[in-house]
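Hi there,

Here is the structure I promised to pass on. Have a look at it first, and then read on for what turned up in it.

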Amino acid sequence: MIPRLNLMAYRRFSLNTHALLAGTILFSIGLFLAPYLFSTTYVRVVGSMTASTTPKEVTIPDDLTRVKHVSTPSAVKGIYMTQCVVGTPTFRDSLVSFVEDTELNTIVIDIKDFTGKIAFSTENPILKDSVSDECGARDMKEFIERLHASEIYVIGRITVFQDPYYTALHPEQSVQSISRPGEPWKDHKGLSFIDPSAEKYWEYVVELSRVAYEEIGFDELNYDYIRWPSDGNMKDVAYPDVSRAEAIELFWQYLAKHVRPTGAKLSADLFGYTTVFTDDLGIGQVLERALPYFDYVYPMVYPSHYNNGFAGVKDVNADPYTVVYTSLVEAVKRTVATTTTVKTLTNTPIMRSVTAPSQDGIATTTKKVPTGEYYKESYAGTKIVPWLQSFDYPVTY
C-alpha cells in the first residue's frame, strides 16, 4: 500500500521542468527496466521488444496532409529540444549528429512552450500572431524534412493550458484570480493559465495541432500542461463551478475527435502521481480518464517531483529506480485492467443483483445496485511512456 503524500512539494517544483534542458528523457517500461534507468535516452516499446527499431517512411494521402511522415518506431529512443535549442543551428546540429551516430531515432521539439508562443513560422490567420520572436526555428518544416531523411521520428510538444500570451489577449478565458476580479490568476513565476473549460481555446489548440502535423511535418503531438494550475497561491484561484477532472476529460475527448482524423499520433503528459493515486490531485488529471484519447500517456516520474517517503524511500533522489519502477508497475496494472473504481465519461458501472424479502415476509424483490466499480477497456501496457529525469535538480544525474 502506497501512503498518500503531501503534494505541495510536487507542485512547487513542477513548473517548466520540461523547458529546463535539452537532456530531459523518456523511457518505456518493459520486463528488463533496470539496466536502462540511467541511460541518456528514452525508449518506448509499441510492438515486439525484438522487432526492428528502424522507422519506415510512410506517405499519407495528399487529401489528408501535405507532408511525408515517419511511422512510430517499434522502440523509440530520443532526446528533447527546447524552442531556443531548435532555433540555434550549431546547438541543434550537434544533437542531430548525436542521434545519427548512435542508436537514437527520435527528437522531441517544443512547438508551443511556457511562453505561449509558437516555435515555427506560419501564415495561418489563427496562429500567425502567436509566432515567437525570441526562440524557435523559422525553417522548422525544412529541418523536420532533414530529420525524416535520416529516418528520425519527430515529436512536437505543446504546452496547452499554461499560456500567458493567450490569457493576456483573452483574460475572460483564463483561470481567474479571486483577489483581482476579472484578471488572470498567476503562479509563483507570474505565469497564467487558460481555464480548461474554455471551449473557444480548444479550437485554437486543434488548429495548432492540425498545422503542426499536416503542414510542418511533426509525426506525433505531445500535449503537456493539460491540467488546472498549481505552483502558486491556490487560495486565490477562482474555480468555475465544474468538475475539474471532467472538464479536463472533455477537452481530451474534443482533442481526440478533431485531431486523430489527421493521422497524427497523440500523447499526453501527466503528473507522476497519477500512476498511484486515483483522485485528480486537484489539477484534473486521472490516468483512466486519459487512456481512451491518447496513443501514449507520458507520466513525469521525476524523483525530484515526489515526496520523501514515497514507496518507503527515505530520499527519493537517491533511489530513482524504486520511484520509477513503483510508479510504472502501478500505471501498467491500471492500464491493462478491465475494471476500475474511477468514473469516466466512457466507462459503465458494474451492477450486482440484491434480493431482499418484501415487507410481508413472503415475496422477495430483486434489484440491481452499483458495486462502486466500472468496466473499462483494457489497453496495452506499452501505452505508458514515462518521462525520465536527466536535468540536474536537485541533484546531478
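How far apart should the end C-alpha atoms of helix H6 (residues 199-216) be at 1.5 Å a residue, and what does the model give? Please keep in mind that this is a predicted model. The 18 residues of H6 should span 26 Å, and the end C-alpha atoms are 25 Å apart, so the two values agree. H6 is also mostly covered, with 14 of its 18 residues buried. Just after this helix, glycine 217 takes a positive phi of about 115°.

Next, the core. The largest nonpolar core has 96 residues, and those with the most contacts inside it are Ile109, Phe120, Met140, Phe218, Leu221, Tyr223 and Phe294. H6 gives the largest share of this core, ten residues. As a general point, nonpolar side chains in soluble globular proteins tend to be buried together.

Now to the strands. Strand S7 (residues 106-112) is mostly covered, as seven of its seven residues are buried. S7 runs parallel to strand S6 (residues 78-81), and four bridges join the two. In this pairing, methionine 81 stands opposite isoleucine 109 of S7, and Ile109 is also among the core residues with the most contacts. S7 is joined to strand S8 (residues 153-159) as well, here by six bridges and again in parallel. Threonine 106 stands opposite tyrosine 153 in S8. Between S7 and S8 the chain passes through helix H4 (residues 140-149), and this β-α-β crossover is right-handed.

Finally, helix H3 (residues 89-100). Its twelve residues reach 16 Å from the first C-alpha to the last, close to the 16 Å expected at 1.5 Å a residue. Which residues of H3 are buried? They are Arg92, Leu95, Val96 and Val99. Seen down the axis of H3, these buried residues fall within an arc of 105°, so they line one face of the helix. What covers them includes S6, helix H2 (83-86), S7 and H4.

Happy to talk any of this through once you have had a look.

Best wishes

Terms used: Residues are numbered from 1 along each chain as its sequence is written. This is a predicted model: local features need pLDDT of at least 70, side-chain atom pairs count only at pLDDT 80 or more; totals for chains, interfaces and linings use all residues. Side-chain values use heavy atoms; hydrogens and water are left out. Buried means under 20% relative accessible area, exposed over 50%, partly exposed in between (1.4 Å probe, protein chains only). Two strands pair if DSSP finds at least two bridges between them. A crossover is right-handed if, with the strands pointing away from the viewer, the path from the first strand over the helix to the second runs clockwise. The expected span of a helix is 1.5 Å times one less than its number of residues. The arc is that of the directions from the helix axis to the C-beta atoms. Contact means heavy atoms within 4.5 Å. A nonpolar core is a set of buried Ala, Val, Leu, Ile, Met, Phe, Trp, Tyr and Cys residues joined through side-chain atoms within 4.5 Å.
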